[in-house]
Amino acid sequence: MKGIYGLYADPGLAQQAVNNLRAAGVADADITVLSSEPFEHLEFGHRDAKTAMPWIATAAGAIGLVLTYYLLGASQRSWPLITSGMPIVPLWTNLIIIFEMTMLSAIIATVITLIVTAFIGDRGKLYDPEISDGYILVGVENPVDASKLEPALAIDGGRVKRA
Amino acid sequence: MAYRWGMAVDIDKCTGCEACVVACHAENNIPTVSAQQASRGRAMHWIRVERYYEGNFPDVKVKFRPVLCQQCDNAPCEAVCPTYAAHHNEDGLNAQVYNRCIGTRYCANACTYNVRFFNFFNPEWPKPLHLQLNPDVSVREVGVMEKCTFCVQRIKAAKTAAKAENKTVADGTLQPACAQACPTSAIVFGDLNDPNSRVARLATSPRGSKLLEDLGAEPKITYLAKQPWHEQDSY
Amino acid sequence: MIRPVMNTTVWFWAIMLAAGTVVACGAGAWAYQLWYGIGVSGKRWPSFWALYLTNFVFWIGISHAGTLISAILRLVNAGWRRPVTRVAEVITVFALMIGAMFPIIHLGRPWLAFWLFPYPSDREIWPNFRSPLAWDFFAINTYLTGSVLFLLLPMIPDFALIRDKATGWRKKVYGSLALGWRGTTKQWNRLESAMQIMAIAILPVAVSVHTIVSFDFSMANVPMWHSTIFGPYFVAGAIFSGIAALIIAMAALRKALHLEQYLLPLHFENLGKLLLLMSILWGYFVFNERLTVWYGNEHHEMAVFWATQRGEYAPFYWTMVICNFVLPIALLSNPYTRNIIGCVVASLGVVVGMWLERFLIVVPSLSYKALPYSWGTYTPTPVELMIMAATFAAMILLYALFAKLVPIIAIWEMKAGDFVQAPRSGVGAGDPHRIAAAAEPSSPGAAS
């Protein structure tokens, strides 16, 4: 017994199922909603919306900036060669590379954060291939008592399944 | 005190004989190319004699100007090289390290004087020229930029010899191949940091000017020529 | 939309074979050049840069089709972007890969190209970070990395969809590509956040890439290169040629994969307007560039100016003006010709015109540098033309291959934008009223 879930074609019904589960005393974190598209206009689409991702990206960018600044200077001083009468560590030209590395650090940090939080951090097992036909899955994994939740999920226009 | 090698070329003395070009080829192992390749712009002459014509035939005046690497102080060729093949050395020369060159040819574009040359193919010498290669100068392979070095191999040898005697290189003892070969002594080479050297005095001559001076590369070669406004003066 | 992924047609193999042959010939030409040296190309003293660098700038310009446009449209939340984004982003990735090949093909000793990498080696020497070519290395790699990720991330939900629909080996392959995607709200929200951040980060990078490509020229004190206008001029030209390439790719896909119900006249109309705007902007930049040179009347620059305006390069110059300015404005300012055919014709003109523009930037300036004694004219050789043709074939090859392996239109994006109907509603797919509604920023939560 892995869990119990309902499949709904209508996002409104899925929202209703989520509300019913909450009313039945299921904690928000235990409710799984799976869909084949994002639903930004419905309440359940905003669960887990809070993320530190922009801050992680900014921090990584700042680290990239400082690191590149020092690495460039160190490499230029390690074997100082004069070209075109420019300084050994010319800030004008180094700024270009510092900018690129700042952006690259931010981009890579964003992707790593995404992979860690959304893929590696996804421990759930509940799934149904019918999601790819456009159905929305609302369910609970390893419920204490599945039969108690069945009425919450059984809404007209939905189908309840056990996995 | 460090050296700062420079040159003065007296255009009024130049006869356009191109002995300097031949001497340079022999001294620096510069490959020769076929006539067909030369017509496609693959000829390599570290020093060339530019000819400019004034007036209409038959009343023509020909002017010669030997052009070689100007060893600029603010050389535009150096900074654009991504591998430091072109850089400034301690004597103020534009050094070209062939082994570092990957052949972006950016330096040749940046050079205002077009005095940098590219090895489009592996070097070849028609017999018997292949028997007279200078052992002091490395041969460059395909894909590498090269240019006038002010005969850096001679500079090195002269500096080493002078250092062994605890002296500095005396003015006039050191000449690149082109200066040595010039029958009219139009080319004068020496240390610009030595105020008493011939080249340092010629560099401040009122007859002197720099090639494309307004572009700000600060070349170290002074061209000497009688200027129209000198008519009454006795330089 | 996943039909091309599941079934293979004869046409696919025909395209693969034809394009593959040209690419193989190009590879042969390159091998020939590697063996004998750059001398087999038409490069000469003083035209040390020519066709390869022209193509480098051209392809990097084409690459601005995708990620840049797609990022802008994503940030302003333009609903009509949804079927267009992936078509565009793929152009970016492949055009960048092809474009980045050219500096290596162009090198005298390409087997040492890795010396541009900043890595600690026993040579104890680092790249010269003052060189614009070192900047190119960083800019192009950042842009390529960002663009590949920008393309790949939204593909994951579509891989999951194919995993559920396919059987056999496809199920296994796409299953592993989907990285265990289930479609939880958390996954969707994280994906959307990541795409927003990436879009914000990639915009300045895209602008910087073509600015730095322009720096390759404007940093050198060469007549008509040494100009402050080059940065924005190159970026505008890049977006211009990028949109043209996008329109051509969309029209080709629409015909080849029968995407008539997703790639609508509306998309061509909108992109056509954008192309018209860029055409006017391009004309503005060229006028600025030419006027300042002509008025300044500096004799080094005037040699190049007249060579392009009246001299040996004049035929190319005036063809460019017609292709980039006259033709697009004539076709696209008129609502009756701003249809799919009109847009495609204008785009073909723009691609040709922008290639000529790159050629006219790279070649004439080097032919007419400051010392008249060193003037010289460049003519391309068959080797160079073969390699150039091979890159166009490579683009077609890679694009066809991609459209075969991955749904070229982001299916989940289409669902989210109500272009494709989930079983919940009876409105037909591609209903014009729905699309007009989707063009409005309808969901306030999307931009968070």
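Hi everyone, let's start with charge pairs: the count comes to 30 salt bridges over all chains, a salt bridge being a side-chain nitrogen of Lys or Arg within 4 Å of a carboxyl oxygen of Asp or Glu. Before I go on, this is a predicted model, where local features need pLDDT of at least 70, side-chain atom pairs count only at pLDDT 80 or more, and totals for chains, interfaces and linings use all residues. Residues are numbered from 1 along each chain as its sequence is written, chains are lettered from A and ligands numbered from 1 in the order in which they are written, and side-chain values use heavy atoms, with hydrogens and water left out.

Which residue forms a salt bridge with E150(A)? The partner is R162(A), and the closest N and O atoms are 2.6 Å apart. This pair links distant parts of the chain, with E150(A) in helix α4 (residues 146-153) of chain A and R162(A) in strand β4 (residues 158-162) of chain A, 12 residues apart. Helices (H or I, at least four residues) and strands (E, at least two) are DSSP runs, numbered from the N terminus. E150(A) is partly exposed, at a relative accessible area of 30%, and R162(A) is partly exposed at 45%. For those words, buried means under 20% relative accessible area, exposed over 50%, and partly exposed in between (1.4 Å probe, protein chains only).

Over in chain B, K220(B) forms a salt bridge with D73(B), with 2.6 Å between the closest N and O atoms. K220(B) lies in the loop between β9 (208-209) and β10 (221-224) of chain B, and D73(B) in the loop between β3 (61-67) and α3 (76-79) of chain B, so the pair ties together parts that are 147 residues apart in sequence. Are these residues buried or exposed? K220(B) is buried, with a relative accessible area of 2%, and D73(B) counts as buried at 18%.

Now compare K167(B) and E165(B), whose salt bridge has its closest N and O atoms 3.2 Å apart. Here K167(B) is exposed at 52%, and E165(B) is exposed at 53%. Back in chain A, salt bridges that share partners join D128(A), E130(A), R159(A) and K161(A) into one network.

On to the rings. W355(C) and F359(C) are stacked, because their ring centres are 5.6 Å apart and their planes at 15 degrees. They are four residues apart in helix α14 (residues 340-367) of chain C, so about one helical turn separates them. Both W355(C) and F359(C) are buried.

Ring pairs also link a cluster that includes Y106(B), W49(C) and F234(C). The charged end of R358(C) sits over the ring of F234(C), 5.4 Å from its centre; the rule is NZ of Lys or CZ of Arg within 6 Å of the ring centre and within 35 degrees of the ring normal.

Last, the cysteines. The whole structure has zero disulfides over all chains, a disulfide being a pair of cysteine sulfur atoms within 2.5 Å. C101(B) counts as buried at 5% relative accessibility.

Methods. Phe/Tyr/Trp six-rings, centres within 6.5 Å; stacked < 30°, edge-to-face > 60°.
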